[in-house]
Amino acid sequence: MVAALEAQALGAKVALISLGDGATPEVSALNVSDSEDEGKFFEDILRGGEFLNRRELVLRLAQGACEIRRDFEKWGIRPAQKEGEWLRRLASGSSRPRSIFMSKEKIGRALTRTLRKRLSEQGVPVFNRVRACKILKGPSGAVCGVMGVNIETGEVTFFRGRAVIVATGGVGRLFPNSTYPADVVGDGLALAFEAGAELIDMEFVQFEPTVILSPPGARGLLMPTVMLGDGASLKNRHQSRFMWERDPQRGEKEQKHILAQAIQEEVEKGRGSPHGGVYFDCRMIPPEVLSGYSEVLTRLRKAGIDAAREPVEVGPMAHSFMGGIRIAEDGSTNIPGLYAAGEAAGGVWGANRIAGCGGTEIVVFGKIVGQAAGAYARSAACEKPDEGFDVPDGSLNSLPVFGGIQRLLHECAGMKRNGKKLEMGLRALERMEREALGKLRTDFLPHFLKYLDAAHAYRVAQGVFLSALRREESRGFHYRLDYPNKNDRDFLGNILIRKDPEGGCQVRLERQDS
Ligand SMILES: Cc1cc2nc3c(=O)[nH]c(=O)nc-3n(C[C@H](O)[C@H](O)[C@H](O)COP(=O)(O)OP(=O)(O)OC[C@H]3O[C@@H](n4cnc5c(N)ncnc54)[C@H](O)[C@@H]3O)c2cc1C
């Protein structure tokens, strides 16, 4: 939405295709910076990403985060403040408080509502409930539009355009236990890959450490890790604050991957809670601070838990994605006219994204990419698409294929990986492709949509497995039991994949210093 508004402001004719609202309404806090803090913010992001981040992208992010105050004031978004100063929380992975928030609703919800209103006021046509299913290219190889299908009516539309910005979010729902909404399944990554774009850092899936496991009415909701900076604690079944035993300096203020791995170890060692997690205890947060988390507290109360009085059971679940479509500083890709922004783009975060940066990314890179794509679209030629769209014409039901891929990712490419399991997962995935993908039903709309789910999930999962196998070390959210240590000598670089001319995958490691 930010990118669409920016491109339109430059005079480009823009249309927005969207399935739903994605993950953005869930953002409870996002990081902002200022000129004094910019360098520190840059360092925190690099340290969080264990130095795999593309520095030029981090620089743009840290610079852009200093402008968010101006943007929000222009858009009329008013975060919580005291005496005219925005209140800032200390988020996990940050050395300073930078996370702004709203007391009564999630800041991401306010942002989504505001941007939708601005799109409507500025006359940007929005095609809701339309699923992009192919990026179209012309004879020169440049992008010339998108094919979309209305998921309610089945109507197919060709959106002709000189530039396409992929902003389809992460891959969360490809995992069976995830905090992400159903419209975030990595579609854009699969479409960009098929169009020839390079994908980067596909091995890095973030597992949110503190997702509610019980009661069932609250399962999947997130206890924001930022609460740990405000005095909440993590305890095992013996009421011991295990994070302090591991790291007496940082304790619960550790990075998310360290928290997630520690929680899993507590459970494996028999020190977990009844539903396979640990306890998140908010009772030490001062009441006036706790009241700032009213949205999560209300949702918990509705599910029968008063978090101000009793601890909540939490554990890790699949969450954000650090990988994505490889972009240059302006969001362009290796395909002329193809751009990517937000969680669909990769390279900014390296091995781990520090908390509160997902919201920062969409505002900062939304602007950068909208401006670049808008300027490109005004000068490029618009070609006619020269490719068709082939779908299978079989009789198999695709639902089990998508579910099977989710299971493979969960079982073989979860938080703790090893070469054997990754190989097994990849082989099973390839078997599914050979034996099922080309034989699926696509004759009615529901079958066609399920086919898209399966085909896209296959491509993204293949990228995750291949990249995870190639990285024979442990770093950030990629933890290999067979290679438990970091290996800068061989792996200080990004793993890139792209489609080879035979339809397979080329995998290569590009060193940071190359
Ligand atoms: C529960 C939860 C809590 C979070 N909390 C925070 C937080 O406090 N702070 C923070 O910084 N980050 C947080 N995040 C992460 C943050 O929400 C995301 O990183 C960010 O919102 C991604 O924005 P995006 O615009 O890239 O994608 P999204 O907001 O996910 O939007 C993707 C859009 O693409 C559409 N789409 C997908 N596929 C297609 C297709 N094929 N055709 C057409 N449209 C398509 C979707 O419908 C959606 O509109 C949280 C995430 C979750 C799930």
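Which residues of the largest nonpolar core touch the most other members? I165, A192, I325, Y339, A340, A373 and A461 do, within a core of 149 residues. The model is predicted: local features need pLDDT of at least 70, side-chain atom pairs count only at pLDDT 80 or more, and totals for chains, interfaces and linings use all residues. Residues are numbered from 1 along each chain as its sequence is written.

A nonpolar core is a set of buried Ala, Val, Leu, Ile, Met, Phe, Trp, Tyr and Cys residues joined through C-beta atoms within 7 Å. Buried means that 20 or more other C-beta atoms lie within 10 Å of a residue's own, with C-beta atoms placed from the backbone. Helix α15 (residues 445-470) gives this core its largest share, 13 residues. Helices (H or I, at least four residues) and strands (E, at least two) are DSSP runs, numbered from the N terminus. Contacts are pairs of residues with C-beta atoms, placed from the backbone, within 7 Å. Beyond its neighbours within four places in sequence, I325 contacts V166, L189, A192, A197, L199, T333, A340, A344, A345 and G346.

An open sheet is built from five strands in the order β18-β16-β11-β21-β22, with mixed pairing. Strands pair if DSSP finds at least two bridges between them. β18 (345-346) and β22 (505-511) each have a single partner strand, so one side of each lacks a neighbour in the sheet. Helix α6 (residues 187-194) packs on the sheet and touches β11, β16 (324-326) and β21. The direction of α6 makes about 35° with that of β16. Helix α15 also packs on the sheet, touching β11, β21 and β22. Its direction makes about 45° with that of β22. Axes are lines fitted to C-alpha atoms, for helices over the stretch in contact; angles run from 0 to 180 degrees between N-to-C directions.

Strands β11 (residues 199-200) and β21 (residues 493-499) run antiparallel and are joined by two bridges. I200 has L496 as its bridge partner in β21. Seven bridges join β21 to β22, also antiparallel. Here K499 stands opposite C505.

The ligand is surrounded by 34 residues, of which L19, G22, G169, G342 and G358 are the closest. A residue counts as near if its C-beta atom, placed from the backbone, lies within 6 Å. Helix α12 gives the most to this shell, four residues.

Technical notes
Buried ≥ 20, exposed ≤ 12 C-beta atoms within 10 Å, placed from the backbone. Contact = placed C-beta atoms within 7 Å.
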